[in-house]
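This briefing sets out the architecture of one protein chain for a reader with a structural background.

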Amino acid sequence: MTEVISYAYAIARDTDGSLAGALSGLPGVAEAPVHLVRAGDRGEVVVAVSPVPEQDFQEAALRANLEDLEWLESVARAHHRVIEALAARTTVLPLRLATVYLDDERVREMLDTRKAAFAERLAVLAAHTEWGVKIYVESPAPTDRPAAPPADADLSPGRAYLSHRKAQRHAREDAYRDAEEVARRVETAARGHAVDRVQHRVQQGELARGPGENVVNDAYLVPLRHAESFRADVSRAAEGLSGVRVEVTGPWAPYSFATPPETEPVTGAAP
């Protein structure tokens, strides 16, 4: 029989006892059913967990699995699905992907120790959502073929090529300057609505989606009452500037702002 451990998705407040119903029938990681673990005092703060195969989350196996894009995408989708189901009902503190404990009793012990800190953070995040803001530079792709010179231009092929490259470099520099201006506009617009901001590393390689180079990748914590105004004002930040694109996504559960206290997860069960 395959040994299992407890995969933890998020910490949440279950004020009316309805969260278990929201998770009923919802598949978690490895298609396992999701349930709630409560503290010993049966309070409102709970942890959403599900059983997962121990062998997949041993340290060496997990390291290999995180390099397997198909496995990683499957786990990430399930992780996000559970958190979004909870966030539709209550305030949540999302936990890191692949946070596991030896069993539910270890989860309960962690919750007993940290529930006051969790409750405080949940109160701070209540009625707030996360919005993502990315800025992309979309200058034209370089080409080795120079543009046709004016009819009266007396340029050799070599000089024409160098002139073309110089024009491309200037266009690229202009796009970066415009991106800096857009970033300032975004910050100004967000300041009137958001209460917190986290600056993430820009996305590159397989994480980068869509055309252009990602130069800003920020998350903002926005009160629900300001959400639509935030989205509208930030979306207008690139107006009048070509070669720069602003992408606004959300609302999300506050992944970037959960910052729970140290929860001492076992990332890979003991042998």
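What percentage of the 271 residues in the chain do buried residues make up? In this predicted model, the buried share is 38% of the 271 residues. The chain contains seven helices and nine strands. Of the contacts between residues at least 6 apart in sequence, 78% link residues at least 24 apart.

**Nonpolar cores**

- The largest nonpolar core holds 27 residues, of which Tyr9, Leu23 and Phe57 touch the most other members.
- At least two residues of this core come from each of strand E1 (4–13), helix H1 (19–23), strand E3 (45–53) and helix H4 (69–87).
- The greatest contribution to this core is that of H4, which gives seven residues.
- Beyond its neighbours within four places in sequence, Leu23 is in contact with Val34, Leu36 and Ala48, and also with Val82, Ala85 and Leu86.
- There is also a second, separate core, made up of 23 residues, including Ala179, Val216, Ala227 and Val234.
- As a general background, nonpolar side chains tend to be buried together in soluble globular proteins.

**The four-stranded sheet**

- Four strands form an open sheet in the order E7-E8-E6-E9, and their pairing is antiparallel.
- Strand E7 (196–199) and strand E9 (244–252) are the edge strands, each pairing on one side only.
- Within this sheet, neighbouring strands are turned against each other by 20° on average, with direction ignored.
- Ten bridges connect strand E6 (residues 128–137) with strand E8 (residues 213–223) in the antiparallel sense; here His128 stands opposite Pro223 of E8.
- E6 is also joined to E9, by seven bridges, and these two strands run antiparallel; in this pairing Glu130 stands opposite Trp252 of E9.

**Burial of strand E6**

- Ten of the ten residues of E6 are buried, and the strand is thus described as mostly covered.
- One set of E6 residues, namely His128, Glu130, Gly132, Lys134 and Tyr136, points one way from the strand.
- Thr129, Trp131, Val133, Ile135 and Val137 point the other way from E6, and the residues of both sets are buried.

**Helix H7 against the sheet**

- Helix H7 (residues 227–235) lies across E6, E8 and E9, and runs at about 5° to E6.
- Three residues of H7 are buried: Ala227, Phe230 and Val234.
- These residues lie on the same side of H7 because they cover an arc of only 60° around the axis.
- An α-helix has 3.6 residues a turn, so residues three or four places apart point the same way.
- Ala227 and Val234 are also among the members of the second core.

**Asp218 in strand E8**

- Where is Asp218 found? Asp218 belongs to strand E8.
- Asp218 counts as buried because its relative accessibility is 6%, whereas the cut-off for burial is under 20%.
- A polar contact of 2.9 Å joins the side chain of Asp218 to the side chain of Arg197.

Definitions and conventions
Residues are numbered from 1 along each chain as its sequence is written. This is a predicted model: local features need pLDDT of at least 70, side-chain atom pairs count only at pLDDT 80 or more; totals for chains, interfaces and linings use all residues. Side-chain values use heavy atoms; hydrogens and water are left out. A nonpolar core is a set of buried Ala, Val, Leu, Ile, Met, Phe, Trp, Tyr and Cys residues joined through side-chain atoms within 4.5 Å. Buried means under 20% relative accessible area, exposed over 50%, partly exposed in between (1.4 Å probe, protein chains only). Contact means heavy atoms within 4.5 Å. Two strands pair if DSSP finds at least two bridges between them. Axes are lines fitted to C-alpha atoms, for helices over the stretch in contact, and angles run from 0 to 180 degrees between N-to-C directions. The arc is that of the directions from the helix axis to the C-beta atoms. A polar contact is a pair of N or O atoms within 3.5 Å; within protein, one must be able to donate a hydrogen and the other to accept it, and residues adjacent in sequence count only if both atoms are side-chain atoms.
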